[in-house]
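Student: Please take a close look at a single part of this model and describe its surroundings in one connected answer.

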Amino acid sequence: MNHPRLPEARRAYIDSFTDVYGGDPFMVRLLLQAGRFFVFHSAAVLEAAQDPSRRETWFTVAALKKQLAMFGYASPRQVDHLVARLREVGFLEQSRAPDDRRVWLLATTNKLRAHHTEWLAAHYVPLAKLYPHHDYSPVLSHDRAFHELHCRACLPFTAVGARLMMTLPDTLLFFMHAAGPLIQNALLKAAMDSGDLTAAVPYIDVADRFGVSRTHVRNLMDSAQAAGLVRIVGRGGRSIEILPRHWVSYDRGLAVGMYLHDVVNLVVMQEWAKRPGEKAARQLAV
């Protein structure tokens, strides 16, 4: 939070996050219809961490429900709907366990893994901005082998991640609304692009951009105003001023996320360095 380049890191993250979704209408629609970021992340982590010889680690719908319950995210019925939708669009597959035909196992597809690899890299862009002397090159280069190691290493940190998320009520306000993070980042980016963090920015047009109703966006802004994050202004209340508390709470959420990602990266890099050929390849790169 006290790093002098944190505003630069914030800008880098918002630009990277926007790039992940801004140019892909299909991903935006899928995110709105089939769940939020926790679902993609949990699926990638659970699959990477499973051990076929240990039934309790298998990636099943029940395991996904347990994972999402840590964040107070979705009811069991909602998870069933999310899984069905993700299977329908080719992001998840389901098959019977070879050792127990009564159990249905889930599996991610290349489409989901490709998206998650890109999503994960976006979350390391601000860290690279703050700490250019640290090595984030494997995750930033979308290395698939590193991505699998990273997902596997995330599982032990899930509980602490959930506890830290509960300390960020302003962040959760947006996460618990459909397209909330997309809307939030779009509005913050508009304010930064204006060159004045206190400038009034229109918010109704993000409804058309992300395929949600204007009523939904207006209700979200009403909630954000009640929380002291924005002030609705302008003729007809079609613009907002982003208040100082919003910037502070956003930066705190960003800092918490960077902290967790950096810890995982340290763990994974230790294992990554032990892989045959990695040390030689890195020396050649230098």
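Tutor: Not counting residues up to four places away in sequence, His-147 touches Arg-113, His-116, Thr-117 and Leu-120, where contact means heavy atoms within 4.5 Å. With His-116 there is also a side-chain to side-chain polar contact of 2.7 Å; a polar contact is a pair of N or O atoms within 3.5 Å, and within protein one must be able to donate a hydrogen and the other to accept it, while residues adjacent in sequence count only if both atoms are side-chain atoms. The model is predicted: local features need pLDDT of at least 70, side-chain atom pairs count only at pLDDT 80 or more, and totals for chains, interfaces and linings use all residues. Residues are numbered from 1 along each chain as its sequence is written, and side-chain values use heavy atoms, with hydrogens and water left out.

His-147 counts as buried because its relative accessibility is 6%; buried means under 20% relative accessible area, exposed over 50% and partly exposed in between, with a 1.4 Å probe and protein chains only. The residue lies in helix H8, which spans residues 144–154. Helices here are DSSP runs of H or I with at least four residues, strands are runs of E with at least two, and both are numbered from the N terminus. Besides His-147, the buried residues of H8 are Phe-146, Leu-149, His-150, Cys-151, Ala-153 and Cys-154.
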